[in-house]
Each structure stands twice: as structure tokens, then as C-alpha cells.
Amino acid sequence: ETAQGLIPDAGWKRRRYETPWYAGETLSVVIGQGYMIATPLQMAVATAALANGGRVFRPMFVKQILDPERNIVRSFEPERIAKVDVAEEHLMIVREAMLEVVLGESGTGKEAALVDVSVAGKTGTAQVVSGVRTVQEEIPRHHRDHAWFVAFAPADRPEVAVVCLLEHAGKGGGTAAAP
């Protein structure tokens, strides 16, 4: 069974809850909050597409199969499955902002900075239990927030997209997942 993500909209909410969509909900969804749902693999694919100009590739887990003598038995090539219809100038703005998350003086992902490779990333926290507004360490572990960090590197010529999700870390992505 495959896990499907959810980017909710007014139609979805009307069908699901029989209630209207409010403008503030759009703001929550565009920053990955509210009713939005995504798996780590979906976030890796999205991060890679953002980094490479909008090209969406089928995730690959195996690049080659080798025999015992290290001869290539089978190779797998990247397969482009879609192109995101977003202007390059908008992708550039987001990529530059992600670079600031890691390299900027007030960036929340500074702990992901590397010496020899420029990393562009985004930290995040996924609330597990709605309405819990207390010190995470004081609530049961299974109710604590998840910590997220997505990144691509090198920032100027991306080769890899990375996602780190620490379930029930009880800390934000910058302090738990980015390092």
C-alpha cells in the first residue's frame, strides 16, 4: 500500500468536513501546516524538484546491481515523471531562502552547515497532538512533536536531496533534525 500525501483545498475541506475554507488555512498549507500530509519520501522528491528547476524524478533506491566480480549486471537510469509548472525566478527565491536557513546568521538550520559543501535546507516541526502547548519533555513521548529537516546540496549545483524526520523528538527541526 502506498501512502498518499494531501495538499488540501476548499473542495477537499467541503467534501471532508462540510465546512468552508478560510483564508488563514491557505497560509497554513503553504508553509506545510494545517491539514497537509506528506511522507519523508514525498518531501525528498519535492525538495529535489525544487533544487533542480522543477523536474520530478521517480525515486531510485538502486543505481546498479553488480555481480561478485563487480561487473554491472543491471543499471537503472533516472526517470523524469513530471515537470512542476513554477517560474524559475520563484524557485530561485525559495532556493536562496533555503540557503539562508543554513548559512544565514539567524538561520534555523545552522547545525546542518558543512565545511566543504554548501547546504540549502528547511527546518520544520510537525505537531502530533493538536492544542498541546507545553514543554515537550513534560508530555508522553508518543505525543511529542516530530522534527523535520529537508535539504539539498551542493546548493549551487545540487546532486542530492536529503530528508530527516525524527519522530517524537520533542524539539524543532533546527535543534534535532538538522544536525
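Of the 179 residues in this chain, 27% count as buried, where buried means under 20% relative accessible area, exposed means over 50%, and partly exposed lies in between (1.4 Å probe, protein chains only). A word on the ground rules: this is a predicted model, in which local features need pLDDT of at least 70 and side-chain atom pairs count only at pLDDT 80 or more, while totals for chains, interfaces and linings use all residues. Residues are numbered from 1 along each chain as its sequence is written, and side-chain values use heavy atoms, with hydrogens and water left out.

## The chain as a whole

The C-alpha trace spans about 60 × 40 × 40 Å along its principal axes. The chain exposes about 12,300 Å², and carbon and sulfur atoms supply 54% of that area; accessible areas come from the Shrake-Rupley method with a 1.4 Å probe, and for residues only the protein chains shown count as cover.

You will find five helices and seven strands here. Helices (H or I, at least four residues) and strands (E, at least two) are DSSP runs, numbered from the N terminus. Read from the N terminus on, the order of elements is α-α-α-β-β-β-β-α-β-β-β-α. Among contacts between residues at least 6 apart in sequence, 49% join residues at least 24 apart, with contact meaning heavy atoms within 4.5 Å.

## The sheet and its helix

Strands β5, β6 and β7 form an open sheet in the order β5-β6-β7, with antiparallel pairing; two strands pair if DSSP finds at least two bridges between them. Both β5 (120-126) and β7 (160-166) stand at the edges with a single partner strand each, so one side of each is left without a neighbour in the sheet. From one strand to the next, the twist averages 10°. Axes here are lines fitted to C-alpha atoms, for helices over the stretch in contact, and angles run from 0 to 180 degrees between N-to-C directions.

Strand β6 (residues 146-153) pairs with β7 in the antiparallel sense over seven bridges. Phenylalanine 149 has cysteine 164 of β7 as its bridge partner, and alanine 147 stands opposite leucine 166 in β7. The two strands β6 and β7 form a hairpin, with six residues between them.

Helix α4 (residues 88-103) packs on this sheet and touches β5 and β6; the direction of α4 makes about 75° with that of β5. Arginine 95 lies in helix α4 and is buried, with a relative accessible area of 14%. Beyond its neighbours within four places in sequence, arginine 95 is in contact with Leu50, Ala51, Gly53, Glu88, Ala120 and Phe152.

## Salt bridges

Side chains of opposite charge can pair when their charged atoms come close. The structure holds three salt bridges, a salt bridge being a side-chain nitrogen of Lys or Arg within 4 Å of a carboxyl oxygen of Asp or Glu.

| Glutamate 25 | Lysine 13 | 2.8 Å |

Glutamate 25 forms its salt bridge with lysine 13. Since glutamate 25 lies in helix α2 (residues 23-30) and lysine 13 in helix α1 (residues 10-17), the pair ties together parts that are twelve residues apart in sequence. Both glutamate 25 and lysine 13 are buried.

## A nonpolar patch

Leu41, Phe61, Val62, Ile65 and Val73 form a nonpolar patch on the surface, with about 490 Å² of accessible area together. Patches are made of residues with over 30% relative accessible area and no salt bridge: like charges are joined within 9 Å, and nonpolar side chains (Val, Leu, Ile, Met, Phe, Trp, Tyr) within 5 Å. Leucine 41 is found in helix α3 (residues 40-51), and its 39% relative accessibility makes leucine 41 count as partly exposed.
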